[in-house]
Amino acid sequence: MKRLTAILTITSLLLAFNGRAKTESENTKVVCFGDSITKRGYNLVLEETLGVETVMAGVAGNSTSKALRRMQRDVLDQHPDIVVIFFGTNDLRADAPKVYVSLKDYKKNLETMIQKCESIDAKVVLCTLPPINIDKFFARHETELYDKEGGLSKMIENYRNVAAQVAKTQNVPLVDLNKELADQPQWMSHDGVHPSKEGTRIIGQLISKELRPLLTK
């Protein structure tokens with residue numbers, strides 16, 4: 001009889017815990033803050049995978065500098081529990097002076113974004129920029145200005161390394177999409193920059209892995 005009572009008690013506790021965990025997940029709001037890659041909708045994968053509420057705050061053409069101007073409205077005023085910060089592809093646009101952000105300012109902008117999130121007690125997940133197909137990229141961009149910066153491949157590496165450094169110094173989880181997607185060419189659409197439909201799902205799954213532990217903290 002005592003054994004049966006113990007089993008029933010443990011079962012009740014497990015059911016209560018699972019119910020509470022589900023409720024906590026459903027009550028978690030995640031803001032996905034980024035550019036056109038974010039706008040493709042990986043946030044829907046987070047909703048499906050983790051059961052969280054998401055806000056898609058991706059704007060095409062945004063660099064970190066442009067995004068900071070809308071951060072109060074699109075991120076902080078949403079009262080998120082977690083913010084996914086995902087920029088870099090536009091920041092390195094050496095051929096677009098109104099968009100380009102130097103490595104020094106890119107680092108400063110990411111740090112500012114993280115600090116603003118933490119000021120409202122929101123946790124942060126930071127992403128590196130994904131790979132770029134150089135041949136397809138230069139089918140519509142001039143190479144000269146990128147060559148002055150050491151070439152596109154070197155620039156991609158530099159911006160990726162800065163994001164990784166910021167994640168380490170600010171003690172936030174990193175989703176190294178540049179590394180994770182390198183061996184998954186199916187993630188990329190025909191334009192060599194944006195994700196395919198499958199790529200959006202892959203990105204969402206990779207981000208979900210880093211988000212999941214934050215749901216229980």
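Q: In which helix is Arg160 found?

A: Arg160 is found in helix H8; helices (H or I, at least four residues) and strands (E, at least two) are DSSP runs, numbered from the N terminus. This is a predicted model, in which local features need pLDDT of at least 70 and side-chain atom pairs count only at pLDDT 80 or more, while totals for chains, interfaces and linings use all residues. Residues are numbered from 1 along each chain as its sequence is written, and side-chain values use heavy atoms, with hydrogens and water left out.

Q: Is Arg160 buried, partly exposed or exposed?

A: Buried means under 20% relative accessible area, exposed over 50%, and partly exposed in between (1.4 Å probe, protein chains only). Arg160 has a relative accessible area of 24%, so it is partly exposed.

Q: Which residues does Arg160 contact, leaving aside its neighbours within four places in sequence?

A: Contact means heavy atoms within 4.5 Å. With those neighbours set aside, Arg160 touches Thr128, Leu129, Asp176, Asn178 and Lys179.

Q: Which residues of H8 are buried, and why do they line one face of the helix?

A: An α-helix has 3.6 residues a turn, so residues three or four places apart point the same way. In H8 the buried residues are Leu152, Met155, Ile156, Tyr159, Val162, Ala163, Val166 and Ala167. Viewed down the axis of H8, these fall within an arc of 135° (taken from the directions from the helix axis to the C-beta atoms), so they line one face of the helix. The face turned away from this buried side carries the exposed residues Lys168 and Thr169.

Q: What covers the buried residues of H8?

A: The cover includes H5, strand S4 (123-127), helix H6 (134-137), helix H7 (144-147), strand S5 (174-175) and helix H9 (177-180).

Q: How do the axes of H5 and H8 cross?

A: Axes are lines fitted to C-alpha atoms, for helices over the stretch in contact, and angles run from 0 to 180 degrees between N-to-C directions. The axes of H5 (residues 103-119) and H8 (residues 152-170) come within 10 Å and cross at roughly 35°. Their crossing is right-handed, meaning that the near helix is turned clockwise from the far one by less than a right angle.

Q: Which residues of H5 and H8 meet?

A: Among them are Leu103, Tyr106 and Leu110 in H5, and Tyr159, Val162 and Val166 in H8.

Q: What phi does Asn171 take?

A: Just after H8, Asn171 takes a positive phi of about 60°.
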